[in-house]
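Here's a quick briefing to read alongside the model. Keep the 3D view open and follow along.

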Amino acid sequence: MLDVRRLRLLRELKIRGTLAGVAEALNFSASSVSQQLTLLEKETGVELLRKVGRRVQLTAEAELLVEHATRVLDILEQAEADLGASSTAVAGIVRVAVFQSAALALMPAALTAMRAGYPAVRVEMIQREPETALYETWARDFDMVVAEQYPAHAAPRHPDLDRRTLTSDALRLACPPEAAEVHPVLSVQDAHDLPWVMEPPGAASRHWAEQVCRQAGFEPDVRYQTADLQAQIRLIESGNAVALMPDLVWTGRGTTCRLLELPGAPRRTIFTSVRRSGARHPAVQVFREALEAAAAELAKAV
């Protein structure tokens with residue numbers, strides 16, 4: 001019978017692309033990964049890896065095994081979820097990837113509820129950009145991702161991930177307070193000659209913000225780039241930049257920024273995704289419900 005752990009290594013190689021990538025993801029040495037895959041070749045009796053320059057390439061037989069390995073891992077995850085559901089106590093570890101504004105606005109209340117209601121569930125949170133985190137959740141680095149979708153900019157779809165909406169928030173133009181303004185700004189067009197702060201290229205928010213500016217007839221002067229929205233806010237409040245900001249960033253804090261409505265009142269959608277094979281695990285279910293409750297309370301407060 002084939003070794004499931006070695007099949008998983010083969011699947012990881014398909015996902016990560018290199019032996020070093022597999023080793024880093026699983027905290028193994030590259031030589032150990034190579035040895036285990038060599039043993040898998042002996043078990044199967046067929047060539048699984050072929051050297052191409054400095055890299056290795058999966059053969060057709062290896063690709064076939066990866067498909068079976070994925071199904072096996074899904075079944076095992078479903079079995080783990082069913083076992084958890086059969087227990088009277090909810091316990092386990094939930095690894096969640098979350099982007100910054102959701103981490104600030106939703107995670108504190110959700111974690112407080114988990115600590116009070118489900119102390120045997122350990123939630124581990126890592127901040128990640130949503131598009132990367134969706135892929136990493138599909139790859140089994142995380143159990144859940146809190147992600148976002150901007151208007152006319154669809155978030156990546158992975159067939160093994162489900163999707164449940166948490167909430168949505170308005171997107172507005174954030175300008176400096178009147179005392180710090182370079183000149184009065186009443187619309188996006190009025191900010192055509194001002195410095196902008198945006199997230200780095202590749203982020204969905206950056207793509208959407210650039211499109212808004214281009215539709216208004218100008219190319220934004222993106223003088224400052226940072227994924228830290230709190231740093232963006234400080235730049236705006238001090239009169240050094242303007243930006244398009246989601247309402248969630250203002251949760252739990254005041255601001256001296258002037259917030260202007262945008263044409264069409266665009267909104268960002270925030271959602272959770274988990275692998276379908278693990279969605280029924282009680283620990284995953286109760287944490288997802290805690291996030292949804294936190295989002296509902298936040299919507300009431302707006």
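Is C213 buried or exposed? C213 is buried, at 0% relative accessibility, where buried means under 20% relative accessible area, exposed over 50% and partly exposed in between (1.4 Å probe, protein chains only). A heads-up: this is a predicted model, where local features need pLDDT of at least 70, side-chain atom pairs count only at pLDDT 80 or more, and totals for chains, interfaces and linings use all residues. Residues are numbered from 1 along each chain as its sequence is written, and side-chain values use heavy atoms, with hydrogens and water left out.

**Cysteines**
- You'll find zero disulfides here (a disulfide is a pair of cysteine sulfur atoms within 2.5 Å).
- C175 is in no disulfide, and the nearest cysteine sulfur, that of C257, is 8.3 Å away.
- C175 is buried too, with a relative accessible area of 1%.

**Nonpolar cores**
- The largest nonpolar core has 26 residues, and those touching the most other members include M107, M144 and F287.
- A nonpolar core is a set of buried Ala, Val, Leu, Ile, Met, Phe, Trp, Tyr and Cys residues joined through side-chain atoms within 4.5 Å.
- Leaving aside neighbours within four places in sequence, F287 is in contact with V94, V96, M107, A110, L111, M114, V123 and M144 (contact means heavy atoms within 4.5 Å).
- A second, separate core of 21 residues includes L194, V212, C213 and V242.
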